[in-house]
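Let's take a walk through this model one piece at a time. Have the sequence and the 3D view open as you read.

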Amino acid sequence: MAMTRDRILFSREAIQSRVAELGVQLSQDYKDGEVVVISLLRGSFVFTADLVRELTVPVNVDFLTTSSYGHGEQSAGRVEIVHDIRTDIAGKDVLVCDDILDTGITMRGVLDHLAAKNPKSLKTCTFLDKPSRRQADVVLDYTGHTIEDLFVAGYGLNLGDYARNLPYIFVRETVEE
Ligand code: 5GP
Ligand code: MG
Ligand code: MG
């Protein structure tokens, strides 16, 4: 009989220690100023909440929601900004945070949208990176872990309508019993 089993890739403790390391690195890199952290909803709300609490520089947090309509199998997916940031980022140091960089289409669209607002700098940070599926040209400045081509869930990442709240990252596998 086919059953499903959840295989944990990153435990709560492993995530915490990696996020803390990213916090040290970012706090060092932004030590001379302040940073506007832009969290891409919904997937990055957990990661962003953890990451900003590891930063020792002044932080302004804002949120941006994109629509994933037209992604998936299509290679030339367009990114629609459903809800824009409210902060004026002109002349500011901006860090865009997401849960995972996959094809890169979402991040590319967001970066182009934000670059038009004339920030002083624009960098990217995702907890996970799946480089094997990249289609768009994106420089990933900070990342927690590089993973294979797996569909992961937990820690903000959804499995259908669920699993965003789970404190670990896992893969749901089908096994024959
Ligand atoms: P991209 O535009 O880079 O292909 O898509 C990035 C978005 O797709 C992520 O922010 C995330 O919402 C979603 N995504 C990509 N890979 C995964 C995955 O393995 N699991 C889940 N739950 N979402 C993913
Ligand atoms: Mg997302
Ligand atoms: Mg999603």
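In which strand does Leu41 lie? Leu41 sits in strand S2, residues 35–41; strands (E, at least two residues) and helices (H or I, at least four) are DSSP runs numbered from the N terminus. A quick note before going on: this is a predicted model, where local features need pLDDT of at least 70, side-chain atom pairs count only at pLDDT 80 or more, and totals for chains, interfaces and linings use all residues. Residues are numbered from 1 along each chain as its sequence is written, while chains are lettered from A and ligands numbered from 1 in the order in which they are written.

Back to Leu41. Leu41 has 15 other C-beta atoms within 10 Å, so it counts as partly exposed (20 or more would be buried, 12 or fewer exposed, with C-beta atoms placed from the backbone). Setting aside neighbours within four places in sequence, Leu41 is in contact with Phe63, Leu64 and Thr65, contact being backbone-placed C-beta atoms within 7 Å.

Now look at helix H1, residues 12–29. The buried residues of H1 are Ile15, Leu22 and Leu26. They cover an arc of only 35° around the axis, which puts them on the same side of H1; the arc is taken from the directions from the helix axis to the C-beta atoms. On the other side of H1, exposed residues include Glu13, Glu21 and Gln28. The buried residues of H1 pack against strand S1 (2–10), helix H2 (45–52), strand S7 (142–146) and strand S8 (169–176).

Finally, turn to ligand 1. Strand S5 (93–101) and helix H3 (105–115) each supply at least two residues of the shell around ligand 1, and S5 gives the most, with four.

Key
The expected span of a helix is 1.5 Å times one less than its number of residues. Two residues are in contact if their C-beta atoms, placed from the backbone, lie within 7 Å.
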